[in-house]
Amino acid sequence: MKTLQQIHNEQVCNSCTHEGKELIHVDCASHIYPDGSLGIHEMCFRVLEKEIVALCGPNGSGKSTLLEHLNGLLRPSSGNVTVMGKKLDLSHIDIWRDVGIVFQKSDDQLFAPTVLDDVMFGPINMGLSIEQARTEAMGALKTVGAEKLSDKMPNYLSGGQKRLVCIAGVLVMKPRAIAMDEPTSDLDPLHAEMVENIILNLKNEHGLSIVIATHDMDMAARISDRVCIVKDGSIIAEGKPSSIFYDKELLETSGLRQPKVVQIYEGITKNLGIGLEKHPMNGDELVKTILSDFKVWCIPKHL
Amino acid sequence: MSELSPHIPDLDLITFYSEKGTSLFSRISPWTKAFMLVFIILFVSIDKSLILAVCLYLIVLALYYLSGLPIKKLFQWYAMPFIFVLSLVLILMWNEPGTPIFSLNVPYFSLTLTDNGLLLLLTLVFKSLASVTYSLFFLMTTKYNYLSAMIYRVFPSPIDQIFLMSYRFIFMTLKMVESMIKALRSRGGGLLKSARRQSKMFSEVFALTMIRSYDRADRVNKAMEARGFNGKYVAATRIPGISFGEYFTMLVATTMAIYLIWFVKLPF
């Protein structure tokens with residue numbers, strides 16, 4: 001009997017039909033750390049053009065390890081990683097130009113004396129002159145709404161501001177895809193929403209593909225085009241958010257919870273004895289579904 | 001930073017003032033201030049006069065005060081350089097030729113403090129305080145990105161790279177130490193109870209800091225490599241140039257110093 005991982009791998013690795021152009025293909029890659037611990041195990045994964053992919057899984061499932069493979073920071077012990085049609089090997093050392101990575105801890109990424117210096121770091125490494133790098137950096141800061149922070153020291157920024165600067169520091173290099181490790185994990189709701197809007201903007205306005213490693217199911221439900229469930233170093237399921245997040249058994253097996261919207265909708269339908277016909281993924285969809293599908297008795301006049 | 005000791009210069013406070021930059025002296029070119037730092041170091045090395053050392057100290061103290069910098073903190077921060085100078089001078093000041101002031105006789109040798117020995121103590125103290133005060137004045141009126149750009153232009157690689165990377169890293173490490181010490185104190189840790197136990201505990205804190213710092217350095221290095229770092233970090237900040245007035249001031253200060261040191265005979 002095939003495991004979930006084997007079924008998924010066959011679907012990804014053998015499938016020839018892609019809805020969009022494939023930017024990244026991880027072909028049954030495994031990675032073992034020097035201490036013998038398994039990072040990822042025969043993982044098959046792909047990223048298409050202009051899509052937001054959410055990697056959902058509990059802590060230690062291999063999400064961050066996979067992300068670091070996409071940027072070339074880690075090389076697989078076995079299997080292949082192909083980025084923009086080029087296999088990730090010793091000759092493909094400039095993969096960082098195509099795939100940027102925003103780390104979970106902003107303090108690990110911000111090292112320069114000022115915000116502008118930090119954002120200019122990538123373009124200077126790409127060979128741009130200082131003036132060109134400065135112009136590009138200010139443009140990237142403007143895209144994320146952080147141009148007023150350009151001469152500030154990273155030490156004195158709030159968590160949300162640091163995250164915006166980190167995104168600008170990667171965006172300025174004009175990659176085709178950006179990998180983000182828990183982009184909203186330590187942010188207040190206001191900044192988390194800001195980051196989510198930036199992610200959507202990067203996809204819709206700039207045509208980037210974004211890979212997000214997260215265990216925030218609500219965010220994944222709201223913004224992702226595709227969800228991959230990661231467990232024990234492998235992807236065991238993949239699909240649209242509306243199919244993945246309504247599979248309660250799959251999520252519980254993976255140590256995850258359904259998004260709140262799904263829990264509320266399932267709770268309402270269960271109490272009313274109605275079957276699940278629609279799969280709302282965010283608050284607006286939930287309200288519309290409730291108003292259009294359910295008969296509401298005794299509505300107070302003031303409502 | 002304040003958790004460690006009020007006698008250790010607070011990096012956060014120093015950076016706050018340097019970034020605030022509201023005083024007149026913050027607008028002076030960093031190159032001018034750096035030149036004056038070198039000038040002061042040379043001056044205290046060559047000069048042997050107590051009067052000049054005191055005058056220099058008073059001038060530098062006036063600069064510090066007029067910049068709106070915290071005087072009370074400055075006097076607290078004097079503790080470490082003062083102890084350092086004393087630890088050297090307490091050995092050197094005895095048996096200097098001159099009029100004896102105080103004598104200590106023990107079997108097989110005697111220690112005599114003379115007027116010249118006392119002068120040596122006072123001269124070295126004022127010289128060190130002048131150097132420390134001006135250094136703090138320089139750090140607290142110059143933005144760090146100017147400092148890092150100057151270091152990048154002046155020092156050869158890899159010294160400049162070490163400076164450029166280490167500043168923020170020092171902040172992070174000190175924050176780590178501070179939070180661990182806070183955690184210790186919140187559970188009753190304090191220096192007055194069993195010095196041996198406390199020493200063991202604090203040495204464990206610092207050892208853990210070293211290990212975590214290594215891990216952090218590894219992660220920062222990864223993040224830099226993820227943006228194409230190839231071993232050379234370029235400091236791109238434009239540093240304000242030296243104005244004519246500043247050139248003139250430096251020339252006058254240098255001329256006066258040479259005249260006072262070589263051509264004027266002072267009693268002390």
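Student: Are B:Phe25 and B:Phe137 buried or exposed?
Tutor: A residue is called buried under 20% relative accessible area, exposed over 50%, and partly exposed in between (1.4 Å probe, protein chains only). Here B:Phe25 is buried, and B:Phe137 is buried too. Keep in mind that this is a predicted model, in which local features need pLDDT of at least 70 and side-chain atom pairs count only at pLDDT 80 or more, while totals for chains, interfaces and linings use all residues. Residues are numbered from 1 along each chain as its sequence is written, chains are lettered from A in the order in which they are written, and side-chain values use heavy atoms, with hydrogens and water left out.

Student: How is a pair of aromatic rings described?
Tutor: By the distance of the centres and the angle of the planes. Rings of Phe, Tyr and Trp (its six-membered ring) pair if their centres lie within 6.5 Å; planes under 30 degrees apart are stacked, over 60 edge-to-face, and the rest tilted. By this rule there are 13 aromatic pairs over all chains. One of them is A:Phe121 with B:Phe229, a tilted pair at 5.8 Å centre to centre with 35° between the planes. A:Phe121 lies in helix α4 of chain A and B:Phe229 in the loop between α9 (195–225) and α10 (244–262) of chain B, so this pair joins two chains. Helices are DSSP runs (H or I, at least four residues), numbered from the N terminus. Both A:Phe121 and B:Phe229 are buried. B:Phe25 and B:Phe137 form an edge-to-face pair, with 5.6 Å centre to centre and 75° between the planes.

Student: Which residues form one aromatic cluster?
Tutor: A:Phe111, A:Phe121, B:Phe229 and B:Tyr233 form it.

Student: How many residues of chain A are in contact with chain B?
Tutor: Contact means heavy atoms within 4.5 Å. 33 residues of chain A are in contact with 30 residues of chain B. Buried area is the accessible area (1.4 Å probe) that two parts lose on being put together, summed over both. Between chain A and chain B this is about 2,800 Å², and carbon and sulfur atoms give 55% of it. On the chain A side, A:Asp108, A:Phe111 and A:Phe121 lose the most area to chain B, together 23% of what that side buries.

Student: How many salt bridges are there between chain A and chain B?
Tutor: A salt bridge is a side-chain nitrogen of Lys or Arg within 4 Å of a carboxyl oxygen of Asp or Glu. The count between chain A and chain B is five. Among them is the one between B:Arg227 and A:Asp118, at 2.9 Å from N to O.

Student: Which elements give two or more residues to the side of chain A that touches chain B?
Tutor: They are α3 (106–109), α4 (115–125) and α5 (130–143) of chain A. With eight residues, α4(A) gives the most to that side.

Student: Why is helix α2 of chain A described as largely enclosed?
Tutor: Seven of the eight residues of this helix (residues 63–70) are buried, so the rest of the structure largely encloses it. The buried residues of α2(A) include A:Leu66, A:Leu67 and A:Leu70. Just after α2(A), A:Gly72 takes a positive phi of about 90°.

Student: Where does B:Gly231 lie?
Tutor: B:Gly231 lies in the loop between α9 and α10 of chain B. At 46% relative accessibility, B:Gly231 counts as partly exposed.
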